[in-house]
Amino acid sequence: CFQAEFSLSNMGDDISLNFRQKLLLIDDNLGTEDVAALKFLCLDLIPFKKLESAQSALDIFQLLMAEEYLNEEDTFLLAELLYRIKCHFLLQKLNYTKERVQEYLPEKGRVSPYRQMLYELAENITSDMLKEIIFLLRDHLPKRQPIFSALKLLILLEKQGLLTESNVKMLEEICTSVSPDLLETVNSYKREKDVICKLTSSYNALWRNYKHTWEKVLLLASLIYYLFLLLVSLPRQENTLPIKESSRPGSTKVFSSPQVHWSACCLLDFFPFSFLQKLTSYKMDGPKRGFCLVINNVKFDGYLGERKGSCKDAGELKQVFTWLGLEVEIYKDQTAKEIKDLMEIWQDSEKHINRDCFICCILSHGESGAIYGKDGELISIRTIMSYFTAKQCPALAEKPKLFFIQACQGQKIQCPVYVEPDAQVPKLPSVQQKISPFESIPEEADFLLGMATIDGYASFRHVEQGTWYIQALCSKLQLLVPRGEDILSILTEVNEDVSRRADSLGKKKQMPQPAYTLRKKFIFPVPRDPPPS
């Protein structure tokens with residue numbers, strides 16, 4: 001207590017007592033790990049040697065004030081730092097809220113995208129991952145210097161010049177070896193950096209070619225406009241990699257660095273990007289987004305085994321699609337007839353008036369082109385989707401209708417413990433010939449069918465964590481919807497995610513397959529709230 005008061009007294013006589021008390025209260029609520037995080041995020045702002053000697057948050061505050069980054073009139077940098085280390089409950093000490101910080105970040109943010117990316121990686125590196133990374137880098141790290149944290153490791157790599165803002169190759173190699181999921185964080189940073197470079201290059205090339213002043217004025221206005229759009233979108237970009245949960249009050253499990261992927265060629269168009277997007281995308285600005293049905297078959301009659309872990313999938317789907325603005329209804333353990341009856345009920349056009357779209361997710365065992373009811377009876381996917389054609393459901397005419405099917409499309413596969421195939425247990429003769437996803441879609445526009453696996457093969461489900469496909473789908477929706485990606489781009493990322501997964505022996509793989517008759521891009525509006533997980 002005495003040391004804290006002494007340090008605070010050295011901050012200068014021109015600082016009001018009220019401001020000192022605020023800093024002291026913030027310091028009292030920050031632990032050792034928080035201080036280490038603050039030091040790391042300030043590495044681009046304050047010389048390393050000065051930061052290295054800082055032992056407390058108050059020491060860091062002193063350094064920030066000495067460099068004129070922090071004063072009583074302008075506390076935003078400190079608010080940004082608290083926001084980034086997820087100490088949202090302390091923001092009120094500075095008269096900020098989490099939402100207000102997000103609003104000002106594009107204009108006033110000081111922590112670089114590079115530093116944000118590294119911090120996000122550190123937050124997602126578990127103790128086991130850290131041991132693996134240290135082992136892989138044993139020839140590059142000091143022999144007698146113990147490494148207790150991912151932040152310490154990254155600092156050492158930066159000190160040795162193995163990691164810089166323009167060279168993250170070693171990070172990519174490490175992430176690929178230890179956890180491919182971490183690679184997306186690095187790739188997002190590279191995409192953002194690449195887009196800015198391309199924008200600059202395109203601007204310079206066009207400026208040289210334009211001879212008339214009015215052309216250059218339009219070009220400059222265009223550049224400013226698109227950079228503005230890029231900036232205002234930043235606060236909403238949040239990753240969904242699971243991070244280590246904090247015990248601090250008011251903390252959240254996910255809030256990470258902003259990453260944006262923009263097309264550099266947009267600079268060539270002088271029409272507002274949102275206007276062009278509306279011309280080529282389905283209308284998604286109605287008073288209500290639409291309904292999402294989740295049919296979750298877990299327990300079956302007779303020979304079909306229980307689908308343990310499926311409730312985890314259903315819960316994730318409900319969270320994500322509710323976040324995306326849909327009204328989610330879950331139906332558990334439905335027979336084939338009950339599924340048909342449900343489709344007839346939801347076929348009612350009055351339910352879909354003034355709604356933008358319709359989504360149906362089915363989690364069950366399956367065969368080629370069909371899924372099982374809990375009674376062991378098959379119902380074809382084409383039959384399920386045909387209830388919502390323009391003729392059968394006029395209120396959904398010309399509106400996108402998305403179906404996601406988590407079910408095997410082939411016979412049972414022997415798998416290790418904890419990984420089970422979503423297929424029948426005994427090897428029974430197939431009741432129908434193999435059907436491709438494209439043949440399952442009704443012969444008209446505006447349908448999308450996302451299959452967990454290609455025809456004839458099994459899909460896999462962890463008995464606690466859920467299926468590979470649904471977990472990847474939920475993760476990518478939360479990651480890519482805030483970036484304005486369309487559904488086909490998202491499903492391509494889902495394919496990439498699932499294709500990288502394997503069972504514990506590395507022998508069982510899976511490849512999802514989307515099929516569609518969409519006429520336009522399907523883009524979810526960006527939700528105001530952060531992703532649910």
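Okay, let's start at Asn297, which sits in the loop between strand 1 (288-296) and helix 15 (310-323). Helices here are DSSP runs of H or I with at least four residues, strands are E runs of at least two, and both are numbered from the N terminus. A quick word on the source: this is a predicted model, so local features need pLDDT of at least 70 and side-chain atom pairs count only at pLDDT 80 or more, while totals for chains, interfaces and linings use all residues. Residues are numbered from 1 along each chain as its sequence is written, and side-chain values use heavy atoms, with hydrogens and water left out.

Back to Asn297: is that residue buried or exposed? Buried, at 0% relative accessibility; the cut-offs are under 20% relative accessible area for buried, over 50% for exposed and partly exposed in between, with a 1.4 Å probe and protein chains only. And what does Asn297 touch, leaving aside neighbours within four places in sequence? Its contacts, meaning heavy atoms within 4.5 Å, include Arg307, Lys332, Asp333, Tyr372 and Lys374.

Zooming out, the protein chain has 20 helices and 12 strands. Of its 533 residues, 52% count as buried. If you take contacts between residues at least 6 apart in sequence, 74% of them join residues at least 24 apart.

Now, cysteines. A disulfide is a covalent bond between the sulfur atoms of two cysteines; the test used here is a pair of cysteine sulfur atoms within 2.5 Å. Searching the whole structure turns up 0 disulfides. Take Cys361, which is in none: the nearest cysteine sulfur belongs to Cys292 and is 4.2 Å away. Cys361 is buried, with a relative accessible area of 0%, and Cys393 is buried at 0% too.

Last stop, the cavities. On a 1 Å grid over the protein atoms alone, a cavity is a set of points where a 1.4 Å probe fits but cannot get out, and lining residues have an atom within 4 Å of a point. Points are joined across faces, edges and corners, and the volume is the space filled by probe spheres set on them. That gives 3 cavities of 30 Å³ or more. Among the lining residues are Leu121, Ile133, Leu154, Ile174 and Cys175. By class, that lining has 10 nonpolar, no polar and no charged residues, where nonpolar covers Ala, Val, Leu, Ile, Met, Phe, Trp, Tyr, Cys and Pro, charged covers Asp, Glu, Lys and Arg, and the others, Gly among them, are polar.

Methods: On a 1 Å grid over the protein atoms alone, a cavity is a set of points where a 1.4 Å probe fits but cannot get out, and a pocket is an open set with protein on both sides within 12 Å along at least five of seven lines; lining residues have an atom within 4 Å of a point.
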